[in-house]
Structures are given as structure tokens and as C-alpha cells.
Amino acid sequence: MSIAARLHQLANPGRFLRLGDLVLPWLGWATVILLIVGLYSALVDSPPDYQQGQSVRIMYIHVPAAWVALFAYCVVAGASAIAIIWRQPLADIAAEAASPLGAAFTLIALISGSLWGKPMWGTYWVWDARLTSFLLLLFLYVGHIALLNAFDDIQRGRRSAAILAVIGIVNIPIIKYSVDWWNTLHQPASVLRLQGPSIDPSMLLPLLLMVGAFQACFLFFLLIRIKTALLEARLATHPGRSARAE
């Protein structure tokens, strides 16, 4: 079966709604459990850093939020590319649903990073490559959301936003490799490295638990937003029709 055929099957609103009903409870419970265990491990069980002291605990919010912000943009750009190439309405809805969530995680990463930077660097902000490219990510999200609502013709807005999202994907590798390509205050990668993680296991496990919690949270709210948009579209098209009708 071709990729287009598989996408067409998954893009069926009825099939997607049934899949969402099946997955949502598992994602909800995964978010709650991972968040509780992760917060306990991060705030109580993990040791302070020998250099950063207790301020290192900001890492357990900053790093997961940053990773999910990057992942969310890949979802937006990927869904936008599918919408442009295969004209799948569900892909447009997915990109529209993911964008505000990605913007929220990006803002959390920027704020937590600034709070973490003050005791480490002596300032809340520096215009280095990592921070500037991550701020650009927030602007890309805001631009995408603005374009979605900039036209009376919703399809024109979605197509313009999709083009911006696809072009903006070039910023993702820039964010990832900015600490390697330029001289920055931001520390280099300590988890996703070819040589393996350099972070101590007592800190790595809580960090990965929080990453899992944030990732599950993003997917949970993404599915809720997509499901809501599909049901609203169905009710608008068939006001007297049940939302569960095929």
C-alpha cells in the first residue's frame, strides 16, 4: 500500500475519532503518572549539581519543554507538507492544533532558560546563537498562528501558514547544532550525543521521565484539539447529524 493510501485511510475523520477515543485515556494516564514520578525524582530524589547547586532543578522543566517545542514544530511542518502535497484536510487541522501547543512549550523553555541563566551566566538573556534561534522558533509559531487567521478564506490562510511552516523547518537543525557551529554561552548537548550521555544517571532518569511526561502531555492535548476541530467541522456541515455517525 502506498504512503498516500495509508495517509488517506488515517485521515478519515471517523477512523481518526475512533483511534483518538482509544488512545486518549492511555495518554492521559501516562501524562499524570510520568509527571508525578518525574517531579518526585527531579525535586526530591535527584541530587543537586556540584557546580550549579539547587538551580539545576530548572533543567527538569527547561530541557523537556525545549525538546517538545522542537518536536511540535516538526509535527506542524510535517503536517503542513502533507497538506500541501496530498491536500489532506486532517493534516491542516493537525498543524493548526499543534501550533499553539508548540508555542506554549517554546515560551516555557525560554522563560525557564532565562531563570536558569541568571545564576549561571549573571544575566537573563544573551543574544547568542542558541537563544536567538530558539526565540525565532517562537516567532515562527506566532507567524503560523497569525497567518491561519489573517484571511477571510480559511483555505488561503491554511496554505500560507503551511508554506511558512515548511520553510521554517530549516531553523530546527540550526537550533540543534548552534552550540557546535558557533561560540555560545549555552552548554553543548549532554544527552543526545554520539559518545553517549554525559549527564550523571541520577539526573538522567528524572530528566527522561519529565521528557516523557511533557511528550505525553503534548500528544494528549494535540489529540483533544484535533478531535474537537473534527467534531466542530462535522456539526457545522451536518447540524442535525450525530457526531458519531459515519
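Buried means under 20% relative accessible area, exposed over 50%, and partly exposed in between, with a 1.4 Å probe and protein chains only. With that in hand, here are the legends.

This is a predicted model in which local features need pLDDT of at least 70 and side-chain atom pairs count only at pLDDT 80 or more, while totals for chains, interfaces and linings use all residues. Residues are numbered from 1 along each chain as its sequence is written, and side-chain values use heavy atoms, leaving out hydrogens and water.

**View 1. The protein chain has eight helices and zero strands.** Helices (H or I, at least four residues) and strands (E, at least two) are DSSP runs, numbered from the N terminus. Buried residues make up 43% of the 246 residues in the chain. Among contacts (heavy atoms within 4.5 Å) with a separation of 6 or more, 74% join residues 24 or more positions apart.

**View 2. The largest nonpolar core holds 54 residues.** Such a core is a set of buried Ala, Val, Leu, Ile, Met, Phe, Trp, Tyr and Cys residues joined through side-chain atoms within 4.5 Å. Met59, Tyr73, Phe134, Leu137, Phe218 and Ile226 touch the most other members. Two or more residues each come from α2 (13-45), α3 (59-86), α4 (89-121), α5 (129-148), α7 (171-181) and α8 (201-237). Helix α3 gives the largest share, 14 residues.

**View 3. Here we zoom in on Phe134 and the residues that it touches.** Leaving aside residues up to four places away in sequence, Phe134 meets Ala66, Ala69, Leu70, Thr106, Ala109, Leu110 and Ile175.

**View 4. Phe71 and Phe218 form one of the aromatic pairs, of which the whole structure has seven.** Rings of Phe, Tyr and Trp (its six-membered ring) pair if their centres lie within 6.5 Å; planes under 30 degrees apart count as stacked, over 60 as edge-to-face and the rest as tilted. The ring centres of Phe71 and Phe218 are 5.8 Å apart and the planes meet at 85°, so this pair is edge-to-face. Because Phe71 lies in helix α3 and Phe218 in helix α8, the pair ties together parts 147 residues apart in sequence. Phe71 is partly exposed, with a relative accessible area of 34%, whereas Phe218 is buried, at 0%.

**View 5. Phe218 also pairs with Phe105.** Their centres lie 6.4 Å apart with planes at 75°, so this pair too is edge-to-face. Phe105 sits in helix α4 and Phe218 in helix α8, so parts 113 residues apart in sequence are tied together. Both Phe105 and Phe218 are buried. Ring pairs link Phe71, Phe105, Phe214 and Phe218 into a cluster.
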